[in-house]
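Reader: I want a quick walk through this one. Can you put it up and take my questions?

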Amino acid sequence: MTLFKLAISNIKKSMKDFAIYFITLLFGICLFYVFNSIESQSSMVNLSSSSQDMVKMIQQIISYLSVFIAFVLGFLIIYASRFMMRRRNKEFALYMLLGMGKRKVSSILFLENFIIGIFSLIVGILTGVGLSQLTSVFVAYLFKADLTGYKFVFSQSAFTKTCLYFAIIYMIVIFFNTIAISKCKLITLLQSNRRSEKIRNRFVFLRVIGFFVGVAVLGYGYYIVTGAYYNLTEKRLLIAIICGIVGTFIFFWSLSGIIFTVCSNRKKSYHKGLNSFVIRQFSSQASTNVISISIICLLFFITICCLASAFNIRNSMNKNLDTCCPTDYEFTVDGEEAYIDEIDKRLSDFDKYNKDSVKVYNTNTRIYFSESGFSSEISESEMFFYIGKVFSETEYNKLAGYFGQKQISLRENEYAIISNYNEAKMFYKEYLLNKPVLNINNKELVPGFDEAIDGFYLISETPLCFGIFVVSDEAAGGLARDGVIYTGRYSEAYAKNAADTDKEIKAIYGEKIEKCMIDEGSDRRCIGYAFKTEVAEMSVGTGAMATFIALYIGFILLLSGAAILAIKELSESVDNKSRYQMLRKIGADEKMINHALFRQIGWFFVLPLLLAIVHSFAGMKFSTKVMAIFGTEEIGNAIIITGSIFAVIYGIYFLITYFTSKRMIKEKI
């Protein structure tokens, strides 16, 4: 009971010192509960069956990720508890001098960690339960659902999982702390405040060379993933990753010496106020924490790219839906003319659903690309890939006009390429400069435009039309029909319950068409369905999944980096109390000292973030190209959201670190 009272007393006395430790625990527990309760919260939202399936998939992925997140949070808690032990070295030494054995010291530490852990768990779960109610609103927003069935919900599974994971983590933390106490020596604890880092600024010339080498290595990595993107292979991507890691380490290793040398040679500014003290402190920290700063920088880089990419995917997919899916349904039928005619008969009464519709035929010609260029005929010995179908000018313009796309006009000997996939359009723009000839139906056609025309022929959630060819009506003469596209918009009566209309159409006409396929019996005869409601749900679900997973990973990585930086700075403040007291003795007032401390901590927080932002320019350019499949273009809004998240969490850790350090350096040694 005496040890318990002592543990309570110690916690009360050191409450401010536990701020970083408590905040890290609180954030971790809260996030763990919130993200693991998504399935329970989504049950309060009126979701479609496909959206419910998507939520279950998200929950399953988050469950797997939670194992990794638990390891990360466990490391953070161990790291933070080690700082608390270091902060109290003299206190532990006093206990030993008074005759207390290491086992009892370990027991006190166990009780303190247990009490803080229980308190953090209670507050964290209560906070998580409160914030998780907003998850219902967030789910409804992402899945474009309504909240008519909303009510307060507590996730038993998320609660159990959170308690279980953090119990395991805490047992590991207590185990490591016990080992650390058992290895401590009394003389080491008493002299801990006398050991501080010295500035190691040898081989300045070598560091200058290292700086340029680091910049060159990073530049080459950036070039691989941006400038040489089209030649990117797995091997080259691995080289780019290695360049990023190695270049970051070399950059920070060299920077500390360069900063000190450059600043110390500018005598006027160096000796102004406490600049010399701040520069020496910062250089010392930078030189002795190269690995930590490098890892934190890379964590922030991953976080920025992860969050910005996820938000960009969702925003782009929602935006693209209106453009790429302008009608309520679409049937595509491939087959010979007799088969198409038979399908027409079986869909004879389909117009009752329509407000308006269009029917467009394509030809039996397919275009391929090989070393010899575009061609409708490819020998088996050539390496080639399929591009798309061929439409006559009249048929394509009929579809383009209905979709609200640009219609085209061609001369008798001209062709045009239609695409809405940005990467493909860039390729066509470069390739069409050579005016490649296209042979169709024994006629040589030349490009009618210098670039691909923006357009598509199949409705989808993203701009995925890699390319189709449109030729003049004269050039298409004699080419047989080999496919038809039926697409339209429902009348007002059927549009009110579009999802039910979709089911009805598939049930009635799907059976008619499938029977037709069986009766005709041909492998080349097939039918494709696409409905706007399903396309929209797929688009929304994909964006929601990317957002949830990116937020989970991004928050934890940001939390990890900020917490490590904060603990590093607090440790420095503990070690440097004597130096700040010396500043007071030589006449520096508290305002000057606080300003010096603020700049020192500020630069230590800003340095890894600045390089992470530089990395992110190349990273986001690369990810934008990779995500071109989602039609991602503008990333401004995604960057603003990501920056806001960083500002809030990073700002909280910075302020706690500064005010805690400010109090620490005023303590007597």
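Predicted model: local features only at pLDDT ≥ 70, side-chain atom pairs only at ≥ 80, totals over all residues.

Reader: How many helices and strands in the protein?

Author: The protein has 23 helices and twelve strands. Both are DSSP runs numbered from the N terminus: helices are H or I with at least four residues, strands are E with at least two.

Reader: What percentage of the residues is buried?

Author: Buried residues are 53% of the 669 in the protein. Buried means under 20% relative accessible area, exposed over 50%, and partly exposed in between, with a 1.4 Å probe and protein chains only.

Reader: And what share of the contacts comes from residues 24 or more positions apart?

Author: Among contacts with a separation of 6 or more, 85% are between residues 24 or more positions apart. A contact is heavy atoms within 4.5 Å.

Reader: Helices next. At what angle do H2 and H20 pack?

Author: About 175 degrees, with the axes of H2 (residues 19-36) and H20 (residues 532-575) 11 Å apart. That makes H2 roughly antiparallel to H20. The cut-offs: under 35 degrees is roughly parallel, over 145 roughly antiparallel, 65 to 115 roughly perpendicular, and the rest oblique. Axes are lines fitted to C-alpha atoms, for helices over the stretch in contact, and angles run from 0 to 180 degrees between N-to-C directions.

Reader: Which residues meet there?

Author: From H2, they include Phe27, Leu31 and Phe35; from H20, Phe548, Leu559 and Leu570 are among them. By class, the contact of H2 with H20 has 15 nonpolar, three polar and no charged residues. Nonpolar covers Ala, Val, Leu, Ile, Met, Phe, Trp, Tyr, Cys and Pro; charged covers Asp, Glu, Lys and Arg; the others, Gly among them, are polar.

Reader: How many residues of H15 are buried?

Author: Eight of the eleven in H15 (residues 393-403), so the helix is mostly covered. Glu393, Tyr396 and Phe403 are among the buried ones. Just after H15, Gly404 takes a positive phi of about 80 degrees.

Reader: Switching to strands. Why is E6 largely enclosed?

Author: Because six of the six residues of E6 (residues 414-419) are buried. Glu414, Ala416 and Ile418 point one way, and Tyr415, Ile417 and Ser419 the other. In a regular strand the side chains alternate between the two faces of the sheet.

Reader: Which strands are joined to E6?

Author: E8 (residues 443-447) runs parallel to E6, with two bridges, and Tyr415 stands opposite Pro447. E10 (residues 468-471) is antiparallel, with four bridges, and Ile418 faces Ile468 there. E9 (residues 453-454) pairs in the parallel sense over two bridges, where Asp454 is the bridge partner of Ser419. Pairing takes at least two DSSP bridges between two strands.

Reader: What about E1, which strand does it pair with?

Author: E11 (residues 481-490), in the antiparallel sense over six bridges. Asp334 stands opposite Gly483 in E11. Five of the six residues of E1 (residues 329-334) are buried, so E1 is largely enclosed by the rest of the structure.

Technical notes: Residues numbered from 1 in each chain as written. Heavy atoms only, no water.
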